[in-house]
Amino acid sequence: SGSPVFWVRTSTDLLTWSAPRVVHEDLGISAQRWGTECPFVTFRDGWFYLFRTVNYYAARTYVFRSGDPFDFGIGDARGKCAGMISAAAPELYTLPGGAGYVSSNHEPRTGTMRCRLEWVEQ
């Protein structure tokens with residue numbers, strides 16, 4: 001598909017794969033292919049979170065929350081949008097002891113940056 005969407009395929013043995021299926025699409029956020037960069041999914045407290053970078057150099061990533069890892073909103077995902085963070089291509093890390101960090105690559109000339117991450121209920 002030429003649309004900016006996120007697809008998923010599943011496997012139980014890493015040799016045989018399911019047919020691809022769309023798990024997220026929202027053209028209202030960005031209709032450009034580069035508006036669906038660097039997906040990252042994590043699971044926390046019963047919810048799956050999808051991080052979707054829409055502007056790499058402006059460090060703008062939307063976060064979507066769902067109880068179903070195969071449905072982060074298709075068509076209009078506003079109901080699943082949990083917010084936006086200032087990061088590009090984020091990855092989350094939890095250190096022994098529980099401290100959380102998020103990385104960002106929004107300024108490639110200076111390398112990957114990392115900062116402390118705190119989850120806040122709104």
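R116 is exposed, with a relative accessible area of 53% (exposed means over 50%, buried under 20%, and partly exposed in between, with a 1.4 Å probe and protein chains only). The residue is found in strand β10. Strands (E, at least two residues) are DSSP runs, numbered from the N terminus. R116 touches A99, G100 and Y101, leaving aside residues up to four places away in sequence; contact means heavy atoms within 4.5 Å. R116 and Y93 lie 23 residues apart along the chain, and their C-alpha atoms are separated by 9.5 Å.

The model is predicted: local features need pLDDT of at least 70, side-chain atom pairs count only at pLDDT 80 or more, and totals for chains, interfaces and linings use all residues. Residues are numbered from 1 along each chain as its sequence is written, and side-chain values use heavy atoms, with hydrogens and water left out.

Strand β10 belongs to an open sheet of 3 strands in the order β8-β9-β10. Pairing in this sheet is antiparallel; two strands pair if DSSP finds at least two bridges between them. The edge strands are β8 (92-94) and β10 (113-117), and each pairs on one side only. From one strand to the next, the twist averages 30°. Axes for such angles are lines fitted to C-alpha atoms, and angles run from 0 to 180 degrees between N-to-C directions. β8 pairs with β9 (residues 100-104) over 3 bridges, in the antiparallel sense. Within β9, G100 stands opposite T94.

Another open sheet of 3 strands has the order β1-β2-β6. Its pairing is mixed. β1 and β6 (74-75) are the edge strands, each pairing on one side only. The antiparallel pair is β1 with β2, over 4 bridges. V5 stands opposite E25 in β2, and W7 has V22 as its bridge partner in that strand. β2 and β6 run parallel and are joined by 2 bridges.

β3 and β4 pair in the antiparallel sense over 6 bridges. E37 stands opposite T53 in β4. The hairpin of β3 and β4 has 2 residues between the strands, and D45 in the turn has a positive phi of about 50°. β4 and β5 are antiparallel over 7 bridges. Y49 stands opposite R65 in β5. In this second hairpin, 4 residues lie between the strands.

Two non-glycine residues with positive phi sit in loops. A59 has a phi of about 55° although it is not a glycine. Its place is in the loop between β4 (47-55) and β5 (60-66). A59 counts as buried, at 7% relative accessibility. L14 is likewise not a glycine and has a positive phi of about 65°. L14 lies in the loop between β1 (5-8) and β2 (21-26). L14 is exposed, with a relative accessible area of 64%.

In soluble globular proteins, nonpolar side chains tend to be buried together. Here the largest nonpolar core has 6 residues: F6, V23, L50, F64, F72 and A77. Such a core is a set of buried Ala, Val, Leu, Ile, Met, Phe, Trp, Tyr and Cys residues joined through side-chain atoms within 4.5 Å. F72 touches V23, L50, F64 and A77, among others. Its contacts also include H24, V41, F48, Y49, S66 and K80, with residues up to four places away in sequence not counted. A second, separate core has 5 residues, including Y49, F51, V63 and V102.

The second largest pocket has a volume of about 170 Å³. On a 1 Å grid over the protein atoms alone, a pocket is an open set of points with protein on both sides within 12 Å along at least five of seven lines, a 1.4 Å probe is used, and lining residues have an atom within 4 Å of a point. Grid points are joined across faces, edges and corners, and the volume is the space filled by probe spheres set on them. The lining consists of F6, W7, V8, T10, V23, P39, V41, L50, P69, F70 and F72. The largest share, 3 residues, comes from β1.
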